[in-house]
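The following paragraphs go through the structure shown here, beginning with a single residue and moving on to the contact between two chains.

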Amino acid sequence: MRLNTASEAISFLRELETKAATFYESMGKAHSSEEALFSDFAKESKKNIANIERTYFGVITDALEGCFAFDIDRSKYEIHDMAATARYADDLAAALEMEERIRRFYVDAAAQSKGLMADVPRVMERIARARGERQERLRSLMDALKKART
Amino acid sequence: MAVLEEPINGIPLVKNFVNGEWVEPQGQIVDVTNPATNQVIAKVGVATREEIDAAVEAAKTAFPEWRRTPPLARSRILFRLKELLEESFEELSRIQTQEHGKCIDESRGETRRGIENVEVACGIPTLQQGYYSEDVATGIDEWVIPTPLGVFGIIGPYNFPFMIPLWSAPYAVATGNTVVIKPSSEVPLSQMRLAELADEAGFPPGVWNVVNGGRTVVNGMLEHPDIAGITFVGSTPTGRDVIYRKCGETGKRVIAQCGAKNFMVVMPDCNVPRTIAALLTSFFGNTGQRCLAGANLVIVGDDKAFYKRFMDDMAAAAGAIKIGYGLDESVQMGPLRDTEKKQNVLKYIDIGVKEGAKLRLDGRIPKVIAGYPDTCFLGPTIFENADPGSVIGREEIFGPVMSVMRAKNLGEAITMCNDNPYGNGHAIFTSDGGSAREFQYNIASGNVGINIGVTAPVALFPFSGAKDSFFGVLHTQGQEAIRFFTESKVVIQRWF
């Protein structure tokens, strides 16, 4: 299924970030050593939704190409409802994969809508950069886990 | 994607809002229909002459005290209205989709544009300041006080039910006038909600009134001696022959924003993908029901390969537009407002065929997502080889129809545009600054687009118009609206 309208893209982002927040909340409970970090990730995901929606509602006008701003294959970025398991390494790997999908969506959506959706692509790019940092953090947790095992 | 939740449920009766009260309508009650679902979503009264008189009387009574209210205090009420509008942003947007049929992105865009005018009017303490000259002659000073005039009538159309009354109303009340708004009776719901919010914001009774109805209300406003001026958005025959003329006869100020036939001029050096995206919005956005919609596409030059490539891409993009109920987020084009309007567009498509234009894309049998009744839906239609002097090239169709014509050079394209009686929102698409300047300099159009397909000015600027697209002097929005809603009282003073 393809996403074409701004409304669809924003709703899809809301869905992705909500799923991410739910997953990190469950990770915080399942892996208490990093509860604060995962809780921060969950809060940040919710903040991203508010940020994107605020920007979109703030700039959308009838002169922008809102109905024709995107042409995105939704299936390439979809994530499932996820919940943490008892296996920390598996959860970190799942989080990394999820983050990469979401980051790519932000990057690709921003590239497509540049010049069509005013400030929205800029916010998307900023969130994508922040997601890259989040991925680094998850990788360092994986590395630490590997080292602890060896 | 799911269909978004509808904010209007049941079948509410839309009342008039007069003197701070919701008043039961006295006249005939008519249905308000959602054009996508074909379901009745509300009832509205067609006001009688007595009802419009009562609203004007309330506005007149409220005027002296409202005028005395300091601009800063008036501004604070507008700030509260702005806050309430932001809080209700999504609800207001969905109401517009329900009553009008436009896509949710378009409704949100309309809501934003409406709020933008409230934001600008919030600056009234400085916007309404006068000016002063000391010693215009020795010992004599002179100054100007922009003073409000009284009661203004605001007549809205069906195509932007929420936004268009806000091109006028915030400025009228900010400057100390009172208003009677008449929404289109086809789409009264967003103005009903706006009036609720205006009431909640704290406008005193009688400052903000809404009377629903049709011709009786319009005539009542035009003939009423206590109405100082009228703003109107609608068709050229009504604007020119009724509103403008009658306001002249009765000495009212008038802004009559009327019909259009907008030309989109495409140069071979344009950015093709961006231009096509802009043209999709221009021609087919709001289902072509806007006075700034593209109507004629003029492709400049004799490069056959460019023309073919451009039109292949254009037709493919237009043919892929998803049609359906605007609360379905995947939908890119909603229905026309009602069956009568659809029949009118169909009539023009038939005329185009008879005139010999090539029907490149036929929207007469649209594929509607989720099987909504096809009562009001039409698909994008593209004619090639259209003649600018033909009926489809000359008259306003007000639907999703693109008539494509060719010009040898930019000069010929500009002549084509200027030969048309309308002058609302012509645009050029080019990467060349010289072409852009030549176009904007020579084009007879109130609003001009350079790589912009919908030349809607932001609220800081006047919503202009020229030729048969506009009747009046000053325009709605921004500083010009402040001038329209105030008289320049000039004081000259000497002390002995």
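A residue counts as buried when its relative accessible area is under 20%. The model is a predicted one, and B:Lys102 in it has a relative accessible area of 0%, so B:Lys102 is buried. B:Lys102 sits in the loop that lies between α3 (89-100) and α4 (104-121) of chain B. Leaving aside residues up to four places away in sequence, B:Lys102 touches B:Thr97, B:Ser107, B:Glu110, B:Asn159, B:Phe160, B:Pro161, B:Asn286 and B:Gly326.

The second topic is the interface. The size of an interface is often expressed as the accessible area lost when the parts come together. For chain A and chain B, the area buried between them is about 2,200 Å², with 57% of it on carbon and sulfur atoms. Of the area that chain A buries against chain B, 33% is supplied by A:Phe57, A:Asp62 and A:Phe68, more than by any other three residues. In terms of residues, 26 from chain A and 27 from chain B take part in the contact.

Specific pairs can be listed next. The rule finds 2 salt bridges across the interface of chain A and chain B. B:Arg113 forms a salt bridge with A:Asp62, where the closest N and O atoms are 3.2 Å apart.

On the side of chain A that touches chain B, the elements giving two or more residues are β1 (2-3), α1 (6-30) and α2 (35-59) of chain A. The largest share, 5 residues, comes from α1(A). The residues of this side divide into 12 nonpolar, 8 polar and 6 charged.

How values were computed
Residues numbered from 1 in each chain as written. Chains lettered and ligands numbered in written order. Predicted model: local features only at pLDDT ≥ 70, side-chain atom pairs only at ≥ 80, totals over all residues. Heavy atoms only, no water. Contact = heavy atoms within 4.5 Å. Buried area = accessible area lost by both parts, 1.4 Å probe. Salt bridge = Lys/Arg side-chain N within 4 Å of Asp/Glu carboxyl O. Helix = DSSP H or I, 4+ residues; strand = E, 2+ residues; numbered from the N terminus. Nonpolar A, V, L, I, M, F, W, Y, C, P; charged D, E, K, R; others polar. Buried < 20%, exposed > 50% of the residue type's maximum accessible area, 1.4 Å probe, protein only.
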